[in-house]
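The stops below go from one selection to the next.

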Amino acid sequence: MKTKGLMTDIILSELEDVVGYENVSTKTSERLVYGVDYFWISRMWADRGLTPPRADYIVRPGSTEEVAAILKIANYYRIPVQVWGGGSGSQGGAIPVAGGILMDMKRMNRLIELDEESMTITCETGMIHQQLEWHANEKGYSLMHYPSCLTCCTVGGALAHRGAGILSTKYGKIDDMCVSMEVVLPNGDIINTLPVPRHAAGPDLTQIFIGSEGTLGVMTKATFKIFEMPEVRKFRAFLFKDMSTGLAACRDIMQKLKPSIMRLYDEAETVSIIKKVIGIDKKGAFMNLAYEGPAEVVKIEERIILDICAKYEAEDLGSEWGEKWYKNRITFFYPDHIMDLPQMFGTMDTAATYANLEKVYWAMKHAVEDNFPDVRFIAHCSHWYEWGAMIYDRFIMDNPPDDPEEAIRLHNRIWNAGVRAALANGGVINHHHGVGLKLSRLMKEQYGPAMQVFEALKKGLDPHGIMNPYKLGL
Ligand SMILES: Cc1cc2nc3c(=O)[nH]c(=O)nc-3n(C[C@H](O)[C@H](O)[C@H](O)COP(=O)(O)OP(=O)(O)OC[C@H]3O[C@@H](n4cnc5c(N)ncnc54)[C@H](O)[C@@H]3O)c2cc1C
């Protein structure tokens, strides 16, 4: 048997004592697998034959108490802890860059309760989101959280990155859907946030942990709202002469109604991705909509939407293209519709108020296209609010440098240019993919002196800095 060093073996035996021999691994092959998530840099690194960052121990807890015991061991020995859900995050948030313990949460996948009276569902956070949705569906309900990563992300990962699904315009982001949770703090204490609809008992603890990306503790259970399936869900597509007109029409719709889906593609994405995936060959800004609820309400909503779109001289493409979009909503992520290696790419999702939205869009487009002539920029807006919206903008480069160091440098320069253009014009560094390793350096630019609030939380809860080092700017 290979000797790994006295302390390594002592810690290993303590971890085995908590979760069982079969739920700890130090195998090189497993440690390699957990070194790559959906972050472009981690994938490029592995693709070029370089060794990804490796945790020392892969640990699979089966209960909240086991998570607590692991954190106590980590605290005692001052070992970094990295929580891993589905590994589908695009920000490098789950990569164990500091080594130590990687805690894979997927054994914690039990349904705890479906409360039909309060209309809530509670589960362990290692459950894959699709499974939670199936549990709700069995009783005729839905969480209405349909991100494109539904089948590969865990409940904990979605909470940690403040995720958003395609119906978010009506039902909200995960931060609107989650009503309470159980968290294991870095010192191993187990706490629960308040399980009430709203309160005035100080700041909202649930919201402190949503978006904390494994830096303040481990979310172990969570409760979400559930909804009855709508009586009717209807689709419709429109074509605007350009993005600017489309944005004005969408704002008008949002300030009167709440469609469940409203996706407005800029001219570049309409003639590339939309044409390729759903087959419509038109120039302009394509928009697809869904509206849902009781049949009579939907009928009225449809009339108002048609009137607004007519006011902005949109071409009404009917329901067929809207339905086609919905059927293909995951196809957008299949090869060869999605960007993939060897291309260099990134999704810079941002959000801004309507007063700034178009400014942010143009500033980001110019920052990317003017400074990097070999890079394409495409965008759509897919998550809308009464007072603003999200821009899902992507950059794509077909022939990035072969040298990994040069590739990382260029990747970061493009990101810096795009995100700083957003920040300078009233945007935010991210809307629903999180910060992770990718945007960590930009958190201080976003928050300025307000960053000390996060730093104080981190210091107070995790004085030894064991939880997810180098992420979230902490
Ligand atoms: C094809 C594709 C489509 C996507 N579409 C969407 C989309 O529509 N909407 C969207 O929001 N995102 C989308 N994403 C991004 C990604 O899937 C999400 O960020 C997802 O929520 C990550 O979940 P995960 O379980 O894979 O987390 P991981 O990647 O494993 O981890 C992400 C972060 O969460 C932390 N974490 C995980 N579990 C816990 C826990 N229990 N407690 C504390 N911290 C934890 C990790 O430490 C890490 O910092 C997509 C990704 C892909 C690959």
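This is a predicted model: local features need pLDDT of at least 70, side-chain atom pairs count only at pLDDT 80 or more; totals for chains, interfaces and linings use all residues.

On the α3 side, pick Trp40, Ile41, Met44 and Trp45; on the α15 side, pick Pro404, Ala407, Ile408 and His411. Coloured by class, the contact of α3 with α15 shows seven nonpolar residues, one polar residue and no charged ones.

Next, select residues 6-19, helix α1, and residues 64-77, helix α4. The axes of α1 and α4 come within 9 Å and cross at roughly 165°. The cut-off for roughly antiparallel is over 145 degrees, and α1 and α4 are therefore roughly antiparallel to each other. Their crossing is right-handed. From α1, display Ile11, Glu14, Leu15, Val18 and Val19; these meet Glu66, Ala69, Ile70, Ile73 and Tyr77 of α4. The contact of α1 with α4 comprises eight nonpolar, no polar and two charged residues.

Is arginine 376 buried, exposed or partly exposed? There are 18 other C-beta atoms within 10 Å, so arginine 376 is partly exposed; a buried residue would have 20 or more, an exposed one 12 or fewer. Setting aside neighbours within four places in sequence, arginine 376 is in contact with Phe395 and Ile396. For a distance check, pick arginine 60: its C-alpha atom is separated from that of arginine 376 by 41 Å, and the two residues are 316 apart along the chain.

Finally, zoom out to the protein chain, with its 17 helices and 19 strands. Its radius of gyration is 23 Å, close to the 23 Å that the globule rule gives for 474 residues, so the chain is as compact as a globular protein of that length. The C-alpha trace spans about 75 × 60 × 40 Å along its principal axes. Colour by burial, and 47% of the 474 residues count as buried. Of the contacts between residues at least 6 apart in sequence, 72% join residues at least 24 apart.

Methods
Residues are numbered from 1 along each chain as its sequence is written. Two residues are in contact if their C-beta atoms, placed from the backbone, lie within 7 Å. Helices (H or I, at least four residues) and strands (E, at least two) are DSSP runs, numbered from the N terminus. Ala, Val, Leu, Ile, Met, Phe, Trp, Tyr, Cys and Pro count as nonpolar, Asp, Glu, Lys and Arg as charged, and the others, Gly among them, as polar. The radius of gyration is taken over C-alpha atoms; the globule rule is 2.2 Å times the number of residues to the power 0.38. Axes are lines fitted to C-alpha atoms, for helices over the stretch in contact, and angles run from 0 to 180 degrees between N-to-C directions. Angles under 35 degrees count as roughly parallel, over 145 as roughly antiparallel, 65 to 115 as roughly perpendicular and the rest as oblique. A crossing is left-handed if the near helix is turned anticlockwise from the far one by less than a right angle, and right-handed if clockwise.
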